Every structure is written in structure tokens, then in C-alpha cells.
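Please prepare a short briefing on the structure shown below.

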Amino acid sequence: MRVNVSSHDLKVSDHAHHFHPFTDHGALGVDERRVISRADGVWLWDTDGNRIMDGMAGLWCVNVGHGRNEIVEAVRAQMSELAYYNTFFKTSHPPVIELSEKIAEIAPDHMNMVVYGSSGSDANDTVFRMVRTYWDVMGKPEKKVIISRKNAYHGSTVAGASLGGMGGMHGQGGLPVPGIHHIDQPYWFGEGMKTGMSEEEFGIWAARELDRAIEEMGEDKIAAFIAEPIQGAGGVIVPPASYWPEVKKILEARDILFVSDEVICGFGRTGEWFGADYYGTKPDFMPIAKGLTSGYLPLGGVIISDRVKEVFHRSEAGEFYHGYTYSGHPAACAAALANLEIMKRENLVGRVKNDIGPFMQKLWAELGEHDLVGEARMVGLVGALELVPQKSDLSRRFDNVGRVGTIARDHSFKNGLVMRAVRDSLIISPPLVMSEEEASEMAATAKKTLDDTWKTLK
Ligand code: PLP
């Protein structure tokens with residue numbers, strides 16, 4: 001790698017040659033970009049010499065924090081032994097075998113097998129194909145429709161973006177592909193408050209959207225329902241407490257598969273191993289990625305239930321024509337094993353549930369008292385602040401949606417904290433290893449960010 005290149009020269013080269021994800025390239029100037037060159041714990045350093053707190057754990061993934069040499073060493077050792085081999089053609093290797101066993105141990109009891117890929121998006125492509133193939137094998141090929149939710153994020157591939165419920169993404173490239181139906185989301189602050197229902201009633205209403213869709217299209221046409229336990233990229237939409245129990249009842253009464261997309265909620269984010277544990281649901285498929293390796297290497301997959309496994313093991317199922325060159329990559333599996341070892345040894349899931357989670361939630365709730373904040377919500381260590389123009393009238397929203405969120409996000413970065421803006425809300429999802437002192441600093445910086453944003457708007 002080149003050394004002694006100036007920050008500006010790096011940015012010029014980035015501008016010329018690097019096409020970024022989710023970026024308006026025409027609008028991104030050379031010097032507006034930031035180049036992150038080092039990280040440790042919850043801290044990042046950029047090439048302009050700034051030290052910044054990573055309030056997003058990278059991209060909701062660095063659960064064990066940055067700079068864990070134990071993972072680096074595990075990957076180095078694995079790469080010296082066997083850097084790559086495939087898992088096609090009756091072949092396996094020790095790290096993928098050990099990792100699958102470890103994942104089965106932490107997954108719900110009825111889920112004991114893992115299909116691998118390299119990301120959350122390709123995990124959802126796997127889901128898309130497996131769900132439909134499941135019903136083909138079951139002799140019900142007409143069950144093809146997958147019900148998802150508006151504002152969901154399930155990735156950027158064709159199946160992932162189609163399953164997701166983001167209008168902007170659907171508008172590019174003629175998505176969604178046929179056979180996907182999007183129902184309303186349980187977004188109390190954004191949608192529910194307008195309806196005149198209580199939060200509890202709205203949760204039940206939103207859950208019953210699933211039942212209404214099944215009735216409308218016919219249960220014999222529906223293959224599955226896919227949902228994130230808490231919508232992440234859509235704005236950390238924590239559903240009303242009544243939502244998941246009602247969805248669970250509906251799923252129990254219907255012959256459809258349930259996909260709990262655990263790409264963000266998995267691996268301790270909610271204070272349980274999986275979001276499905278947090279809400280007590282019983283999935284057939286759990287797409288995973290991000291926290292599986294804490295982002296140290298790309299690895300994703302889908303944990304499948306015993307009933308799905310049983311169907312794919314039937315003789316009439318035959319070969320499932322699906323897989324990726326990097327399915328179960330040995331070095332990525334070694335990273336995941338070391339990551340899970342750290343999570344267990346440091347009791348990170350219990351820590352989020354009982355210690356740092358409640359500590360941060362209290363600080364977050366205090367931010368909810370700020371004049372600019374209409375709602376502060378947080379589960380485990382994932383939260384959002386809804387920004388509003390007038391605290392005394394929560395029905396009001398800012399004109400030009402997204403402008404104030406962006407102003408606040410930019411202030412946050414200048415103040416030394418990475419938060420993400422979704423519409424006019426600020427999102428946080430810090431590493432699970434954050435100390436109480438760091439949590440207090442994070443909350444203080446978020447408070448300063450709100451004050452600065454308030455001043456900018458006056
Ligand atoms: N599913 C969910 C719930 C996600 O939040 C994401 C990414 O943010 C994905 C899938 C896609 O994962 P990836 O970016 O690894 O493809």
C-alpha cells in the first residue's frame with residue numbers, strides 16, 4: 001500500500017476512480033469525502049487527523065469493536081493453513097464445520113443448519129430461492145408470493161432490493177421483481193400517530209395487515225413473510241409492543257414460512273443473540289451477516305429451521321442449484337469463530353441486556369427531552385432520535401424531509417461522532433464493547449449536536 005500520500009491526494013484519487021455505494025456522485029465534491037485510515041475500540045481516525053467516535057459500529061456491524069488482534073491472528077493462522085477452498089462438490093473444511101456447530105448452539109433450538117454467502121444481500125437472494133423451492137418440493141408450487149413490508153431493507157441485489165420496501169430503490173432498474181407484496185410497517189411515530197389509534201391498537205392493526213394480505217391473495221399463493229425484527233436502515237423502527245405477539249399468532253395459524261432478517265438485529269444488538277429471541281418469534285430462516293464477523297471479513301449466511309432442512313433433505317428435493325464461490329470462506333469463518341469467542345468470553349450479549357444497554361438507554365431517553373426531539377427510542381444498543389420542528393405539537397414535521405436530518409448528521413460528524421441520518425431522524429448503533437465513559441461521551445456529543453442543529457435552524 002502507498003504511504004505518505006496526502007489526505008487531499010487520496011480524496012482526488014477516490015473522486016476519480018471509486019464509485020461509492022448509495023452516493024449521489026455528481027453532488028459529492030472531492031473535499032467533502034472523508035478517508036478513514038485507522039480504528040481502535042469505538043474510535044476512528046481519518047486522514048485529516050480527526051479522532052471520531054464510531055456511533056454506527058462501522059455499518060451496524062463492528063459489534064466487538066475495532067482493532068481486535070485476536071481476530072487478525074485467527075485469520076492469519078487460517079490463511080497460512082488453508083486460505084481458500086470451496087464447499088461445493090461434497091467438500092468441507094474445519095473452520096466452516098466448527099462455525100456451523102457454534103452458530104447452531106446460539107441459534108434458537110429449532111434452527112441447526114447454516115447456508116453461507118458473503119453478505120446480507122446474497123443471504124436474502126438465498127432466502128428468495130430457498131423459500132420458493134421449499135414449496136416446490138412440498139408439492140405446492142403455486143405458493144410463490146413473499147410478503148414484505150414498506151420501508152424494509154433487505155439488501156441491494158435484485159432479490160434483496162425487491163424484498164426491501166424502499167421506493168427509491170424500486171425506482172431504479174424496474175424493481176421489485178414479480179411475486180413480492182409490501183404491506184404497511186409498524187412505524188408508530190411516522191404513521192401510527194396520524195391514525196387516531198393508540199400505539200397498542202396501531203401495533204395490532206399493522207400486524208393484521210399481514211393477515212389481510214394473506215386473505216386478499218389467498219394462503220395457497222403465499223410462500224413466506226419476511227421482516228426485520230426492528231427495521232434498521234429504514235430508521236430504527238421499533239414496533240409497538242403489541243406488534244410481534246400479534247404477528248406470531250397470525251403466523252401460527254397460517255401455513256407460510258417466516259423469515260426473520262437478523263442482519264442487523266443478530267449477534268447481540270438487542271441484548272439477545274437474535275432479534276427473534278428478543279421478540280419471541282419462531283423463524284424458518286434467519287439471514288445473518290454483519291455482526292457474525294463484526295465486519296472483520298465479509299461473511300453472511302442463512303440459518304434454517306429443522307423443518308426446512310428436512311424438506312431439502314428429501315430425495316424428491318434433489319440438488320439445490322445454488323451457492324457462491326465464497327460460501328463458507330475459510331478465512332471469513334475463522335474471523336467469525338474468533339469474533340464469537342470474544343462475544344462469549346466478554347458476555348457481550350448479557351452486557352447489552354443488563355449493563356451498557358440500560359445505561360445508554362437512560363442517556364438516550366434524556367436526549368428525548370431536547371426541544372428538537374419528538375421521540376427517543378432504543379432497544380439494546382440500537383436507537384433513533386426523531387427530530388421535529390415543534391415539540392409541543394408532535395403531529396408537525398419539517399418541510400423538505402431529510403434536510404434537517406442531514407444538517408444534524410453533519411454537525412454530529414464535526415463534533416466527533418458518527419451518527420446516521422434517516423429522513424429527519426438520527427440513528428445510533430455503537431459497538432457493544434463501548435464503556436460507560438464512552439457512552440456518556442457519545443450522549444454528550446449527541447446533545448451538543450442537537451444544540452448546534454437547533455441554532456442552525458433558528
Ligand atoms: N438485511 C438487513 C436487515 C440489512 O440491514 C442489510 C444491510 O444493512 C442487509 C440485509 C444487506 O446486507 P449487506 O449490506 O451485507 O449486503
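Both faces of strand β10 are covered: Gly-300, Val-302 and Ile-304 are buried on one side, and Gly-301, Ile-303 and Ser-305 are buried on the other. A residue counts as buried if 20 or more other C-beta atoms, placed from the backbone, lie within 10 Å of its own, as exposed if 12 or fewer do, and as partly exposed in between. The model is predicted: local features need pLDDT of at least 70 and side-chain atom pairs count only at pLDDT 80 or more, while totals for chains, interfaces and linings use all residues. Residues are numbered from 1 along each chain as its sequence is written.

- Strand β10 spans residues 300-305, and six of its six residues are buried. Strands are DSSP runs of E with at least two residues, helices are runs of H or I with at least four, and both are numbered from the N terminus.
- In a regular strand the side chains alternate between the two faces of the sheet.
- Strand β4 (residues 111-117) runs antiparallel to β10 and is joined to it by six bridges; two strands pair if DSSP finds at least two bridges between them. Gly-117 stands opposite Gly-300 in β10.
- Strand β9 (residues 285-288) also pairs with β10 in the antiparallel sense, over four bridges. Here Ile-288 stands opposite Gly-301.

**The sheet of four strands**

- An open antiparallel sheet has four strands in the order β11-β12-β14-β13. Its edge strands, β11 (373-379) and β13 (420-422), each pair on one side only.
- From one strand to the next, the twist averages 20°. Such angles run from 0 to 180 degrees between N-to-C directions, with axes fitted as lines to C-alpha atoms, for helices over the stretch in contact.
- Six bridges link β11 with the antiparallel strand β12 (residues 382-387), and Arg-377 stands opposite Ala-384 in β12.
- Helix α14 (residues 356-367) packs on the sheet, where it touches β11 and β12, and its direction makes about 170° with that of β11. Contact between two residues requires their C-beta atoms, placed from the backbone, to lie within 7 Å.
- Helix α15 (residues 403-414) lies across β12, β13 and β14 (425-428), running at about 175° to β13.

**The sheet of three strands**

- Strands β1, β2 and β3 form an open antiparallel sheet in the order β1-β2-β3. β1 (36-40) and β3 (51-53) stand at the edges with a single partner strand each, so one side of each has no neighbour in the sheet.
- The twist in this sheet averages 30° from one strand to the next.
- Four bridges join β1 to β2 (residues 43-46), and Ala-39 has Leu-44 in β2 as its bridge partner.

**The nonpolar core**

- The largest nonpolar core has 126 residues, of which Ile-146, Ala-224, Phe-225 and Ala-335 touch the most other members. Such a core is a set of buried Ala, Val, Leu, Ile, Met, Phe, Trp, Tyr and Cys residues joined through C-beta atoms within 7 Å.
- Helix α12 (residues 330-345) supplies the largest share of this core, ten residues.
- Beyond its neighbours within four places in sequence, Ala-224 is in contact with residues including Val-131, Ile-146 and Phe-258.

**The surroundings of the ligand**

- Of the 15 residues around the ligand, Ser-119, Gly-120, Ser-121, Gly-155 and Val-263 come nearest. A residue is near a molecule or strand if its C-beta atom, placed from the backbone, lies within 6 Å of it.
- Helix α5 (residues 120-137) gives the most to this shell, with three residues.
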